[in-house]
Amino acid sequence: MTHQNQAVEEQFGGIPAVWLRFNQFEAAVIPSVGGNLVAYRDTEQGHRYLREPDLNNMDAFRAAPAVYGIPILSPPNRYEDGRFPWDGEIYQLPVNEPATGNHLHGFLHDVEWNVEGYGANELESYVLLSQEVKEGHPFHKYLPFTFTVTLRYALNQDGLQQQLKVRNNGTKRMPNLFAFHTAISVPFDSASQRSDYTAKITIGQRRELNERSLPTGEFQPLTPDEEKLKAEGVSPFFAAMDNHYTAVPQNGRNYMELTDHRTGQKLVYDVGTSYKHWMIWNNNMEDNFFCPEPQMNLVNAPNVKGASAEEIGLIGLEAGEIFEQTSRLYPIPAQK
C-alpha cells in the first residue's frame with residue numbers, strides 16, 4: 001500500500017481540525033477545543049489508540065473535552081478550596097467542582113489554541129500549536145503569569161511524538177505544572193475484547209486521598225493487582241480507579257505499556273521523566289477506555305506542607321527560562 005505523507009486542514013465531526021498522515025498512521029488535532037489530539041490510528045491494522053469523540057455527538061466532546069484524546073491540563077487536577085499559594089502570594093482559582101469544593105484541571109484544555117504551522121516531508125508530518133498566556137487570558141485572570149506554551153505533534157515511522165515547551169515571558173518565577181489526561185482505547189483493535197488486554201505502568205506508591213480527592217500525606221499499601229500493574233501487567237479494569245501514584249521510572253523510562261494478548265501487539269506511552277506522578281482513572285470501569293495520566297506535580301501541591309518542592313513536583317520557571325519534555329505513543333508489532 002502506498003501512502004501520502006501530509007498535514008491538511010479538514011473536519012473532525014464538523015469541527016475544523018488538522019489531520020496528520022504518515023505511512024500507515026493518521027492523527028487529528030482540534031485547535032479550537034484545547035488543542036486536543038483526538039484521534040491516533042493505524043489505518044493498516046484498523047487500530048484506534050485513543051478514545052475518540054463521537055462524530056455524531058460532538059456536543060458531548062465540547063462539554064467534557066478532558067475525557068477524549070490527549071487533553072493538556074494546567075494547573076492539573078485538584079486544588080483545595082481553589083487556593084493556590086505561590087512565592088508568598090495566595091491566588092484564588094474558581095471552585096468548579098462543587099462536589100468536592102475544589103478547583104479542577106486548570107485553564108488550557110478547553111480554550112482555543114493557535115496553529116503556528118503544519119507540514120509534511122519524507123521524515124514526518126507535524127503540527128505546532130501555541131497558547132500565549134498574558135493579560136486577558138483565562139489562566140492569567142487567576143494566575144497572573146506571562147508565558148507561552150507550545151505543543152508539537154508529529155507522526156513519523158515510529159508513531160506519534162509530542163513535544164511540550166513552556167517559556168516564561170514574564171519577570172517573576174511562575175508555577176510550571178502540567179499533565180495530560182490521556183484517554184487510551186481498550187480494546188484498540190476492533191476484533192479484540194477488553195478482557196484481551198493488560199496494562200503495565202511505572203507506578204511506585206499509592207497516595208491516600210481523602211473524601212475530597214486530596215492527598216492526606218499518607219501512602220497506602222499496593223494491592224496484589226497494583227503490584228502486577230507495575231510488574232508483569234494486569235487488566236486496567238481490575239477495579240474502579242481514580243488513584244494517585246508516584247512515578248518510578250524503570251530502566252530509565254517512565255511509561256505505560258498496553259498489551260493485546262489476542263494479537264501480541266503492544267501500545268507504549270513513554271511520557272518522559274519530568275512527570276513524577278501518575279493519575280490512573282478508568283471511569284468506574286463503565287466504558288472502553290482508561291486514562292494513564294502523566295502529571296508533573298502532586299495533586300494540591302501548593303497547599304502541601306512539609307515536603308520538598310522537588311518531591312511533590314512543585315517546580316517553577318524563572319524569568320526567561322524554558323522547560324521542555326518529549327513524550328511518545330507508539331505501537332510494537334507482535335513478536336514472531
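Colleague: Over which ring does the charged end of Arg 194 sit, and how far is it from the centre?

Modeller: A charge is said to sit over a ring when, among other conditions, CZ of Arg is within 6 Å of the ring centre. In this predicted model, the charged end of Arg 194 sits over the ring of Phe 237, at 3.8 Å from its centre. Another case is Arg 253, which lies over the face of Tyr 255, 4.2 Å from the ring centre.

Colleague: How many aromatic pairs are there, and what is the geometry of the one that Phe 188 and Tyr 197 form?

Modeller: The count comes to 13 aromatic pairs. Phe 188 and Tyr 197 form one that is edge-to-face, with 80 degrees between the planes and 5.2 Å from centre to centre; planes over 60 degrees apart are read in this way.

Colleague: Are Phe 188 and Tyr 197 buried or exposed?

Modeller: Buried means under 20% relative accessible area, so Phe 188, at 2%, counts as buried, and Tyr 197, at 1%, is buried as well. Ring pairs also link these two residues with Phe 25, Tyr 40 and Tyr 49 into a cluster.

Colleague: What is the strand order in the open sheet, and which strands stand at the edges?

Modeller: The five strands follow the order E1-E2-E3-E4-E5, with antiparallel pairing. Strand E1 (6–12) and strand E5 (47–48) stand at the edges, and because each has a single partner strand, one side of each is left without a neighbour in the sheet. Within the sheet, strand E2 (residues 15–22) runs antiparallel to strand E3 (residues 25–30), and five bridges join them; Leu 20 stands opposite Ala 27 in E3.

Definitions and conventions: Residues are numbered from 1 along each chain as its sequence is written. This is a predicted model: local features need pLDDT of at least 70, side-chain atom pairs count only at pLDDT 80 or more; totals for chains, interfaces and linings use all residues. Side-chain values use heavy atoms; hydrogens and water are left out. Rings of Phe, Tyr and Trp (its six-membered ring) pair if their centres lie within 6.5 Å; planes under 30 degrees apart count as stacked, over 60 as edge-to-face and the rest as tilted. Buried means under 20% relative accessible area, exposed over 50%, partly exposed in between (1.4 Å probe, protein chains only). A charge sits over a ring if NZ of Lys or CZ of Arg is within 6 Å of the ring centre and within 35 degrees of the ring normal. Two strands pair if DSSP finds at least two bridges between them. Helices (H or I, at least four residues) and strands (E, at least two) are DSSP runs, numbered from the N terminus.
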